[in-house]
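Subject: Structure for you to look at

Hello,

Here is the structure I promised to pass on. Please open it and keep it on screen while you read my notes below.

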Amino acid sequence: MKPLQIGNLTARYPIVQGGMGVGISLSGLASAVARQGGIGVISAVGIGLLEGNNKNYRANNQKLFEREIKKARKLAPDGILGANIMFAVTDFDDMFRIALEQSLDIVIIGAGLFLKIPPTVDKDQFIHSKTKYAPKLSSARAVKLTLKVWDEKFGRLPDAFVIEGPKAGGHLGFKKSELTGELKPLDQIIKEVKQVISPYEDKYGQAIPVIAAGGIYTGYDMFDIMQAGADAVKIGTRFVTTEECDADIRFKQEFIRASEKDIVIIDSPVGLPGRAVENDFIRSVNAGETKPIKCEWRCLKTCDWRKVPYCIAQALANAAKGNLDEGFAFAGSNAYRATKIETVPEVFAQLIDEYHKAQKNAAVYS
Ligand SMILES: Cc1cc2nc3c(=O)[nH]c(=O)nc-3n(C[C@H](O)[C@H](O)[C@H](O)COP(=O)(O)O)c2cc1C
């Protein structure tokens, strides 16, 4: 298995842990993955809802994000650590600045197109930053636009792309109609993306690794998608049912109790579809019930809190803390495959073992 090379950054294993908000991947999970030789990712989204006074949400967000980065660094001093920051949140610019100030190894930018330098960071700092940038996108079209704008406006390219297919968990970059019928295979999207990237790699003399995400659960899945051209994988769901995952045990148990039919697509107030484990909360919202909101902080750029049936940030924070009566668990399409709680080293050992088995099988039949 080849290490993942992103510029001067080398991860021993091409395994990136998916950043999972709110409060699912913090310093505990991220540092455990980094210690195993993968890339551990803290989710910055809504982090301030997990503790303290919600009235100071913005300040809390920043304080807790910094604290989690420092904690993760202590727990994995030699590991590679990153953050997932959603473009759709109103404090994206501040969280991005903190990631650079704290010299995180990599920032993965999800839920939106990242086409302008945040005003909290100056152009020079942005262009020459030690922190690597990896936009998370779901189509070759979005990758093409991103490359064109970065080339023309910034004179530099993203350091990597995360390409997330329709089987992933959380908010999804697809229309609901694209998620309920036949799903577009991730390997096809990866091949299309590689074609779009190639001329830019030539122009800049720089390799831009493609990290595939969505529905990768075993080392066999990993091998298949890397055969299709991915340089690495990004795995979320599989890491939820680990001891080190930062969510409450009741959140993890939602995955263990779920059967395949419990994994459903919901309409999120963010304006994107999301994938989650169905529960009474989701059923009541689907039946038309609304949960009263008094929004103090306007965390999402796209959310009109007067119109949405519930507060998604609060529902996800409640779930992370184990209160599934007032929230629900986001989950990838494979969440129902979990049968027990494992440790991160156990998951790594299995992924690597299965990958090597798949590799051997492929050699025998070729
Ligand atoms: C519980 C959960 C929460 C997630 N939260 C976020 C998030 O806040 N931001 C984001 O960009 N992606 C989020 N994701 C997506 C993951 O980072 C990852 O790309 C995806 O889960 C990969 O698919 P998999 O779960 O099938 O492995 C979330 C996924 C899950 C399962």
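The chain is divided into two parts: domain 1 (4–247 + 341–365) and domain 2 (251–326). Bear in mind that this is a predicted model. The centres of the two domains, taken over C-alpha atoms, are 23 Å apart.

The domains touch. Domain 1 puts 27 residues into the contact, and domain 2 puts in 23. Look at the domain 1 side. Here α2 (57–75), β9 (170–171) and α6 (176–180) each give two or more residues. The largest share comes from α6, with three residues. By class, this side of domain 1 has 14 nonpolar, ten polar and three charged residues.

Now follow β9 into its sheet. Three strands make up this open sheet, and their order is β9-β13-β12. The pairing is antiparallel. As background, strands of a sheet pair through backbone hydrogen bonds, either parallel or antiparallel. Which strands stand at the edges? They are β9 and β12 (263–267). Each has a single partner strand, so one side of each is left without a neighbour in the sheet. Between β9 and β13 (residues 273–277) there are two bridges.

Next, helix α12 (residues 312–320). Is it enclosed or open? Eight of its nine residues are buried, so the helix is largely enclosed by the rest of the structure. The buried residues include Ile-312, Leu-316 and Asn-318. Ala-313, Ala-315, Ala-317, Ala-319 and Ala-320 are buried too. What covers them? The cover includes α10 (249–257) and α11 (280–286). After α12 comes Gly-322, which has a positive phi, near 95°.

Last, the ligand. How many residues surround it? The count is 31. The closest are Gly-18, Gly-110, Gly-169, Gly-236 and Gly-332. Three elements, β5 (80–86), β11 (232–235) and α9 (237–240), each supply at least two residues of this shell. Helix α9 gives the most, with three residues. By class, the shell has twelve nonpolar, 14 polar and five charged residues.

Write back with any questions.

Best wishes

Conventions. Residues are numbered from 1 along each chain as its sequence is written. This is a predicted model: local features need pLDDT of at least 70, side-chain atom pairs count only at pLDDT 80 or more; totals for chains, interfaces and linings use all residues. A residue is near a molecule or strand if its C-beta atom, placed from the backbone, lies within 6 Å of it. Helices (H or I, at least four residues) and strands (E, at least two) are DSSP runs, numbered from the N terminus. Ala, Val, Leu, Ile, Met, Phe, Trp, Tyr, Cys and Pro count as nonpolar, Asp, Glu, Lys and Arg as charged, and the others, Gly among them, as polar. A residue is buried if 20 or more other C-beta atoms lie within 10 Å of its own, exposed if 12 or fewer, and partly exposed in between; C-beta atoms are placed from the backbone. Two residues are in contact if their C-beta atoms, placed from the backbone, lie within 7 Å. Domain bounds come from an automatic or database domain assignment. Two strands pair if DSSP finds at least two bridges between them.
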